[in-house]
Structures are given as C-alpha cells and as structure tokens.
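Try each task by yourself before you read the solution below it.

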Amino acid sequence: WGLLLVVAALRLRGTSAARCPLPCICDNLRTHVLCLNGNLTTIPSTIPQLTKKLDLQGNSFTVIPVGAFLATPYLTHLDLQHCKVERLEEGAFRGLGRLVYLNLASNGIALLYQESLDGLSSLQQLTLEGNRIEEIQPGAFGHLGSLTVLDLRANALVYLPDMVFQGLQVLRWLRLSHNALHVLGSEAFAALPALRRLSLDHNELQALPGEALARLDGATRLDLGHNPITYVAEEALAMASLKHLFLDHAALQDVAPDAFARSPQLRTLDLRENQLRGLPPLAGAGGLARVSLAGNPLLCSCLLRPFYKWLVRARVQAEGSCTAPPALRGRPLDSLRPPEMRCGHSRLHPSPAVPLEQPRMDGSRQCPQGCTCSPDFRHGSCENRDLREIPQGFPGDTRLLDLRRNAFGTVPPGAFPGLKELVSLHLQSCGIGVLHPGALRGLKSLVYLYLTDNRLSTLAAAAFEGAPQLAYLDLDRNAFTRLPAGTFQLLPNLISLHLQNNAIEELAEGDLARAGGLRWLYLTGNTIRRIAPTALAPAKMLEKLHLEGNRLVEVPTSALRGLHALSELKLSRNPIKCVRDGAFLPVASSLQHLYLDNMGLEQISPRAFAGLGPKIRSLYLESNKMSNIPDMSNFTGLEILNLRDVPFHCDCQLLPLRRWIDKLNLRVGATCRSPAEAQGLKVKLSMTFQTCPGWGRGEAGGASPDKTKPASKASKKKRWGKSPARGFKKSRA
C-alpha cells in the first residue's frame, strides 16, 4: 500500500515531475538534470518541476527570455556556460527565488540591463567570466542582496561608474581581473560594506585608484598586479583593514615614503617584477611584516641604506637581490651589511624611489593649454581634445602621457622634447599614418608605447632612435601587411609585441632580426598563411606565441625549432585539418598551454603529441571534427582539458580515452555523437563500452560491471556536475 501511495503522489504532481526531457539525463529522483553539449536553442519546457540542479552547458540559446525558468521554481544551481548567450532579457530569471548558484561564463553577453538579474533574491555566487560585458547599467545588481561572490573576470569593462554595485550588501569577493579598466568612479565601491577581497589585476589602471578604494573599510586583500601603474603617491591608499597588497608585474619606478601610512594593518606587500631601483623607508606602515622586491633592478649602493636600516629596525622580511653595483650583483637583500652599500667616486644615477638629501629640480609646473597635468601622479593628459599637432611643454618629470583619441596624422621628429623621465606613452586612435625617424628621440626612460587603432603600415627603425628602454610595443589594429622588418635593431629591451588584427600575410626570414629578448608575440586575427622555417629563430626567449584566427593549414613545426622557452602556443581558429606526427616536438620540453580549438580539425595523428607530457597544464580541443584522439596518458599534469563539441564515436576504439577520462579529476565535456544509442551522452557515462573486450579490467575502482564496489566517501563528495554514472539513466520519452 505504501508503494501505491508514492506512485499516486507522483501522478498527482503531473507528468513534468515524472519524465526526463530528451536529450537530457536525470538522476533517479529527477532533482539533478543534465542537458549538455546539445543543440538546444530554447530552454526545455518539460524539465521536471522539482529539479534542483540544472546543467545546460554547451547549448545555443542566444537569448534567455522573460520567465524562462518559471516552470522550475525549486532550482538551486543553474549552469549556462558556453551557451552562446548574447542577451539576458529583463526578468529572465524571475521565479528562481531559491537559486544560490548561477554560472553564465564563456558566453557573448555585452550589456547587463537594470532588471536582467531580477528575482534572484537568494543567489550567493554569480559567474559572468569570459563574456563581452562593456557596460553595467546602474541597478543591475540591485536585487542580489544575498550575493557573496561576483565574478566578472575577462570581460571588456573600461569604466566603473559610481554606485555600480549598489545592493550587494553581503558581497565578500569581487573579481574584476583581465578587463580593460582604466577609470573608476570615486564612488564605484561605495555600496560594498562586507567586501573582503577585491581583484583588479590585469587591467589598464595607470594610477592607484585611491579615492575609490578608500570606501572599502573592511577589505583585507587587494590585487592590483599587472597594471601599468608607474608611481604610488603620498598616502595613496587609505584602507583601514587592508592586510595583503599585490602590486606585482606593474610598471612601478617610484613609491612615496608615506604611500601606505593610512593602511595601518598592512602585513604583506608584493612589489615583484617592477622597475624599482630602491625604496625609501615606508613611514607609517608599522604592521608590515614582509616586502617582496624580487625581479626589480635594485641598486644596492649607499642610497639604499635608509631603506635597509628601516627593514632591520622594523623587523620586516624583504625578498629580492641586487642587480648593481657589479660587486653585489645577485646578493640577497637580507645578506647585505651597511658598509657594503657604498657609492664610491662614480655615484651611479640614483633611482627616483630613493630620497636624496637635496631636492629634485624638475622645472616649472606648466601644462599645455587644454591639457591636464597631475603633479602628484606625474601624469599628463590631452585625451580626446581634437588636437591636430602633438602639444609640447609638459613638466619634465612627467611619467605617463595620455594623448589618445586625437587627430595627429603623423608624429614628427623630436615630438616629445624634455620628457626624459617618460615611462608610458598613449597614442591610441590618433589617425597616425607615419612615425617619422627620430619621433621618440630623447625618451630614454620610455617602457610602454601604445599605438593601437591607427593607420600605420610600415615603421622605420630610426623611429625608435633614442628610446632604448622600450619593452612593450602595441601596434594592434593598424594596416601592416608584414612585420616591420628591421624595427627591432634599436630596441634591445623589447619584451612584448602586439600586432593583432592587422593584415599580415606571412612571417618571413629576417622579420624578427635582433629581437633576441622578445618574450610575447601576439599575431591574432591576421591573414598569415605561411611562416618561414627561420622566421622566429631570432626570438629564442619567446614564451607566448598567439597565432589564432589566421589562415595556417598546418602546424608550423619547422618554425618552432629553437624556441626552447615557449610555454604557450595558440593556433585556434586556423583551418588546420590534420595535426601530423611530432608536430610539437621542437617545443616539447617547455610547452605548457596548447590551444587547438575551433579549427575544423578532422584528424590527430597517433604520434602528434610525441614528446609532450607532464609539463602540459592545459589543452583546448573543443569544437573540432575528429572522432578520436591519440593516447595522452602521460599528460599527468593537466589542469584544464576541453573536449566539448567533438563528435566522438563511442565504440571500443575509444575505450582507452574513456578509461583515461575516468581517472582525471577534471570536467572535460566529452560527449558521444555516435552510435545512436549513445548520442548526447558524456563519454564517461556511455554504456556502449560495456560490450568491449576487457571492459572489466582497469575501470574506475578496478571492478567488473557485476561486481562494482560501493562508492567511497571521497567519490560521493565530488562537486556538482561531476557525479559518476551510477544513479543516472538516459531519457525515456
């Protein structure tokens, strides 16, 4: 009688609670539904009403319409990653008052409307990583009063207006890394009383946004690494609870003595990989326990003694080593003694970061008409003033000069007189067609040059005369049809070269001559069909090579010879149909990240990955056409493997892959395209392998199908979306 009552109750709830919609998979209770990597273009209307966890990854929805989930009011977890979503209509999530987790990562969302997230009053974690969000309308997060983690990494945000996060009263971690932020409203973070961690690394901030950060009284960790910040001014950071500050891999040349005086709880300060030749004693940072200066060109002369004595007196641990004078090169800071830090008769040029007894003589504080000059930050700006000629007369100690969005047309010889301390020069979107020889003459401290969105089609080497320290050159979105050969002979310190979205057709021998220090080469979005075997040979220190979105028809194996430091290779979106044996052998000892996605790839030869092994950390193979892949059992260091949207034929030939996937603690997204009875199922859930010879040997747990061991406690604790095959069954309509 009890069983009859249960059956009757299910019938009373309607067929929506009793059925699992095609092509989805449901657990036995139909509270967890997976509809992965299919061809769904609308949200299924027959999802059981009592569903709590719904995973729709890898479909094609484009738009999430109003009330899309009204039929599933009990949802607590919703995953919409990789669904090609471009727009969230206002009210799309209404009715989901119980939802605590929403993942919208890796879609094409460009704008968050005011009511896009209405109805999510219980939401605790929202992931919007990897979209195209350029603008957030005020009030977009106003209904998310329970949110604790907001992930906006890898979008296209440039500006954060005041009160943009209003309503997030309990938010504890805000992730804004890998955007293009360079302006923050002074009240941008004013409505975040519970925030404890803020991630702003990998943006375009040119100065520490002190006014905006001062609103975060409770934040304990701040990540600002990988921003072009050149200077930290007096009392620039007023964060009462801050304990951990990361300013690594920036462009710092100077830090004021009392820069952190208004952050009394600061314990760790990370200043790795900057351009600091020294530091002054950091007054007011009484709680500081550790300062990391590794990777800075520290000058361990008498000018560093005040900082060294402060370290000893305040009992602060310092990491870093000397680069000069020659007698102390390589010596760790904590091994030095004051008598060793001598200046001698030569008195090397002091760093601006080291205070001298006599005041600096920088001249007057004049500023060209119509421009603004900040003496505190040593920045000058004439952005978007419709100027036809490059203005002159900026203060001699200017470090950053922003001349974007004007109409210069050309940069004449000697265009920047008297700016020998200039570090960063912004000339984006200025209609520049010619950079004349001697244009940068006198810019002996210049490190960053941005010439994006101009009309340049060629460059003379003499244009860079007088700028020997230039390390970062951005030439994206110009009119180059080939690499500007010979350009690098006057740039011995060039590290990063951006030439994305030009019209480059080939890389020829000699194009990179004398680019021996180049580490990062970005050539995405050109029309490259051929790379000469010796074209890349001069760049022996190359670490990143981005070639996605070109017209290569094969892996440029011969051109990779000699690149023994290459760790990241991107070949996505090239029409490469076959990867041949030994394709990556020249870089097998160093390669860590390999991108082969979205190529229409039809075949990977059995020994294509020969030589690759434990060093590989990420491998992207999604959205291709091959039905099998070679043995990768020695890829023991994998952290990311993407096999989504690959038409695997799940027969016995694929059994080694199935066994290998079972052993990985990764979410790989591999699904069967055939045979018909396995279509749409995850490879690791397909039952077609049970008829294969040797199926009972080597499976997860080591048991044959009829003697399966009970699941361990650890396996029961796998995160959502990684449940084992047990407990799931294919839909039966």
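A search of this whole predicted model turns up seven disulfides.

**Exercise 1.** Find the handedness of the disulfide between Cys-20 and Cys-26.

*Solution.* 
- Start with the bond itself: the sulfur atoms of Cys-20 and Cys-26 are 1.9 Å apart, and a disulfide requires a pair of cysteine sulfur atoms within 2.5 Å.
- Next, take the torsion about the S-S bond, which is about 90° for Cys-20 and Cys-26, so this disulfide is right-handed.

**Exercise 2.** Work out which parts of the chain are tied together by Cys-24 and Cys-35.

*Solution.* 
- Cys-24 and Cys-35 form a disulfide with an S to S distance of 1.9 Å.
- The torsion about the S-S bond of Cys-24 and Cys-35 is about 105°, so this link is right-handed.
- Now place the two ends: Cys-24 sits in the loop between α2 (15-18) and β1 (25-27), and Cys-35 in the loop between β2 (32-34) and β3 (53-55), so the pair ties together parts that are eleven residues apart in sequence.
- As for accessibility, the relative value is 1% for Cys-24, which therefore counts as buried. Cys-35 has 2% relative accessibility and is buried.

**Exercise 3.** Decide whether the link of Cys-300 and Cys-322 is left-handed or right-handed, and locate its two ends.

*Solution.* 
- The sulfur atoms of Cys-300 and Cys-322 lie 2.0 Å apart and form a disulfide.
- The torsion about this S-S bond is -95°, and the link of Cys-300 and Cys-322 is left-handed.
- This pair links distant parts of the chain, 22 residues apart: Cys-300 is in the loop between β22 (298-299) and α4 (305-314), while Cys-322 belongs to strand β24 (residues 322-324).
- Cys-300 is buried, at a relative accessible area of 0%, and Cys-322 is buried at 2%.

**Exercise 4.** Classify Cys-430 as buried or exposed, and do likewise for Cys-578.

*Solution.* 
- The cut-off needed here is that buried means under 20% relative accessible area.
- Cys-430 has a relative accessible area of 1%, so this cysteine is buried.
- For Cys-578 the relative accessible area is 16%, so Cys-578 is buried.

**Exercise 5.** Describe where Asp-118 lies and which residues are in contact with Asp-118.

*Solution.* 
- Asp-118 is placed in the loop between β8 (111-112) and β9 (125-127).
- Its relative accessibility is 16%, so Asp-118 counts as buried.
- Leaving aside neighbours within four places in sequence, the contacts of Asp-118 are Phe-93, Arg-94 and His-143.
- With Arg-94 there is also a polar contact of 3.0 Å between the side chains.

**Exercise 6.** Build up a picture of the surroundings of Val-683.

*Solution.* 
- Val-683 falls in the loop between β45 (672-674) and α6 (713-716).
- At 0% relative accessibility, Val-683 is buried.
- Not counting residues up to four places away in sequence, Val-683 touches Phe-648, Cys-650, Leu-654, Arg-658, Ile-661, Ala-670, Thr-671, Cys-672 and Phe-689.

Notes
Residues numbered from 1 in each chain as written. Predicted model: local features only at pLDDT ≥ 70, side-chain atom pairs only at ≥ 80, totals over all residues. Heavy atoms only, no water. Helix = DSSP H or I, 4+ residues; strand = E, 2+ residues; numbered from the N terminus. Buried < 20%, exposed > 50% of the residue type's maximum accessible area, 1.4 Å probe, protein only. Polar contact = N/O pair within 3.5 Å; in protein donor to acceptor, adjacent residues only side chain to side chain. Contact = heavy atoms within 4.5 Å.
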